[in-house]
Amino acid sequence: EISVGVGYTEELPANAKRKVMRRSKPKLLRADSVPGPLSLDDYCARPHALVSFAGDLSGFIDRELEALGRQRRVVLAVPQFNGLGPLLSGTDIVATVPDYTADALTASGGLRAEDLPLDAQTFELHMAWRGAQDNDPAERWLRSRIQMFVGDPDSLG
């Protein structure tokens, strides 16, 4: 039985509680040595890596590009963000990732992050739990620890 979950939730049962953990903006992650930010044309022409938990080869960026009459070429999908560094290294492959993921992956060097060459939606990472456990002391403690480690500083409190 699951008492708390963290994810990008949209619809929840009526008896569920939800709290925003962090808001994130997508960033472009790349390992090449080409100077300057990519243009939209360059972005669309480059091969893309996609993080997909379900194995899909399209995502929200594809919908954003389609609205502009554009498309990208996804050449591979991986199940986790932490595998992107070695995959991008020494290639012209790019990836679109949440800003906090870009910060973590660029910290070790070899990768750089920049703003996307298109306007894209922001996302809210939520923590959700059953309303019946809202005041349970052990559950409140667990949620506070999750908030401390996963939430951004603005979400604490």
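## A strand pair and its sheet

Lys19 stands opposite Met127, a residue of strand 8. In this predicted model, strand 8 pairs with strand 2 (16-24) in the antiparallel sense, and eight bridges join the two. Both strands belong to an open sheet of three strands, ordered 1-8-2 with antiparallel pairing. Strand 1 (4-7) and strand 2 are the edge strands of this sheet, each pairing on one side only, and the twist from one strand to the next averages 15°.

Helix 5 lies across strand 1, strand 2 and strand 8, and runs at about 15° to strand 2.

## The second largest pocket

Helix 5 (137-150) and strand 8 each supply at least two residues of the lining, with the largest share, four residues, coming from helix 5. By class, this lining has four charged, two polar and two nonpolar residues.

## The largest pocket

The largest pocket holds about 690 Å³ of space, and 24 residues line it, with Tyr8, Val51, Phe53, Phe60 and Phe81 lying nearest its centre. Two or more lining residues are given by each of strand 4 (47-51), helix 2 (60-67), strand 6 (94-98) and strand 8 (123-130). In terms of class, the lining of the largest pocket has 14 nonpolar residues, alongside six polar and four charged ones.

Technical notes: Residues are numbered from 1 along each chain as its sequence is written. This is a predicted model: local features need pLDDT of at least 70, side-chain atom pairs count only at pLDDT 80 or more; totals for chains, interfaces and linings use all residues. Side-chain values use heavy atoms; hydrogens and water are left out. On a 1 Å grid over the protein atoms alone, a cavity is a set of points where a 1.4 Å probe fits but cannot get out, and a pocket is an open set with protein on both sides within 12 Å along at least five of seven lines; lining residues have an atom within 4 Å of a point. Grid points are joined across faces, edges and corners, and a volume is the space filled by probe spheres set on the points. Ala, Val, Leu, Ile, Met, Phe, Trp, Tyr, Cys and Pro count as nonpolar, Asp, Glu, Lys and Arg as charged, and the others, Gly among them, as polar. Two strands pair if DSSP finds at least two bridges between them. Axes are lines fitted to C-alpha atoms, for helices over the stretch in contact, and angles run from 0 to 180 degrees between N-to-C directions. Contact means heavy atoms within 4.5 Å.
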